[in-house]
Amino acid sequence: MKNKIIGKATDMFLKLGFKSVTMDDIASEMCISKKTIYKYFSNKEKLIEEGTEVVHQKIHLLMDEVIAQNHNAIVENFELRKMFKEMFQSVDQSPAYQLKKHYPEIYDKMIGNEIEDCSQMFRLNVEKGINEGLYRKETDIEAVVKFYYTLIFNINENTILEKDAYELELKALEYHTRAIATEKGIEELEKQLKNPNI
């Protein structure tokens, strides 16, 4: 029951907004009493906190699946972007923006975990791209990783609409790739940018 509540609540939070969904709404949607929800969660914040952790784990499982497909480094970044689009396509408002605005403590905790995980993933991607000859050998990996996650996290936490964040992320990905790509890497980037499904 606890997992069902987390699943339904998280779905509602992402679609309708963390602030606007009440415990009554969740109980009504699930045809259960509010008392049942409070049996597992002392308050809405606890439910949001556990829900964001579940989303975090789901995202990382999906990211691992994309990485396991062993695309080249540039294609991998575009495939990861596509995965995020599919995951959040029914969401209007950026979840990161909402969390930061209404539940800053939960947001700060989530961001701490995300920065660590994403830095590691970005680092591996840059190293892979260098080995494949798509990124320049002299690339300062640590600086590039920091620049990229700063760009991505700032876009997500300061852009209200998810579709606007998604567009800006594409520009950030192009900017990031052009900054470190070899000639071969630029060719691969141009090929990806021509894809109508990006």
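Predicted model: local features only at pLDDT ≥ 70, side-chain atom pairs only at ≥ 80, totals over all residues.
The buried residues of α6 are Pro95, Ala96, Tyr97, Gln98 and Leu99. Helices here are DSSP runs (H or I, at least four residues), strands are E runs of at least two, and both are numbered from the N terminus.

Residues are numbered from 1 along each chain as its sequence is written, and side-chain values use heavy atoms, with hydrogens and water left out.

## The overall fold

What does the secondary structure of the protein chain come to? There are 10 helices and 0 strands, so to write the pattern out along the sequence you get α-α-α-α-α-α-α-α-α-α. The C-alpha trace spans about 60 × 30 × 30 Å along its principal axes.

Of the 198 residues in the protein chain, 45% are buried. Take the contacts (heavy atoms within 4.5 Å) with a separation of 6 or more: residues 24 or more positions apart account for 70% of them.

## The cavity

A search on a 1 Å grid over the protein atoms alone looks for cavities, sets of points where a 1.4 Å probe fits but cannot get out, and for pockets, open sets with protein on both sides within 12 Å along at least five of seven lines; lining residues have an atom within 4 Å of a point. Grid points are joined across faces, edges and corners, and a volume is the space filled by probe spheres set on the points. The structure holds 1 cavity of 30 Å³ or more, and about 730 Å³ of space lies in the largest cavity. Its lining takes in 33 residues, and the closest to the centre are Ile59, Phe84, Phe88, Asn156 and Glu169.

Which elements give two or more residues to that lining? They are α1 (2–16), α4 (44–68), α5 (73–87), α6 (95–102), α7 (104–131), α8 (141–158) and α9 (162–180). By class, the lining of the largest cavity has 22 nonpolar, 7 polar and 4 charged residues. For the classes, Ala, Val, Leu, Ile, Met, Phe, Trp, Tyr, Cys and Pro count as nonpolar, Asp, Glu, Lys and Arg as charged, and the others, Gly among them, as polar.

## The pocket

The largest pocket has a volume of about 230 Å³. Gly7, Thr10, Asp11, Leu14, Lys15, Val54, Val55, Lys58, Met87, Ser90 and Val91 line it. Helices α1 and α4 each supply at least two of the lining residues, and the largest share, 5 residues, comes from α1. Sorted by class, the pocket lining has 5 nonpolar, 3 polar and 3 charged residues.

## Salt bridges

How many salt bridges does the structure hold? The count is 15, with a salt bridge being a side-chain nitrogen of Lys or Arg within 4 Å of a carboxyl oxygen of Asp or Glu. One of them joins Lys8 and Glu29 (3.7 Å, N to O). Lys8 lies in helix α1 and Glu29 in helix α2 (residues 23–30), so this pair ties together parts that are 21 residues apart in sequence. Both ends are partly exposed, Lys8 at 27% relative accessible area and Glu29 at 45%.

Lys128 and Glu76 also meet in a salt bridge (3.0 Å, N to O). Because Lys128 lies in helix α7 and Glu76 in helix α5, that pair ties together parts 52 residues apart in sequence. Lys128 and Glu76 are both buried, and Glu76 has a relative accessible area of 3%. Leaving aside neighbours within four places in sequence, Glu76 is in contact with Val66, Ile67, His71, Asn125 and Lys128. Then there is Arg123 with Glu142 (2.8 Å, N to O), a link between helix α7 and helix α8, 19 residues apart. Lys46, Glu49 and Lys109 are linked in a network of salt bridges.

## Cysteines

On disulfides (a pair of cysteine sulfur atoms within 2.5 Å), the search of the whole structure finds 0. Cys31 counts as exposed because its relative accessibility is 71%, whereas Cys118, at 9%, counts as buried.

Terms used: Buried < 20%, exposed > 50% of the residue type's maximum accessible area, 1.4 Å probe, protein only.
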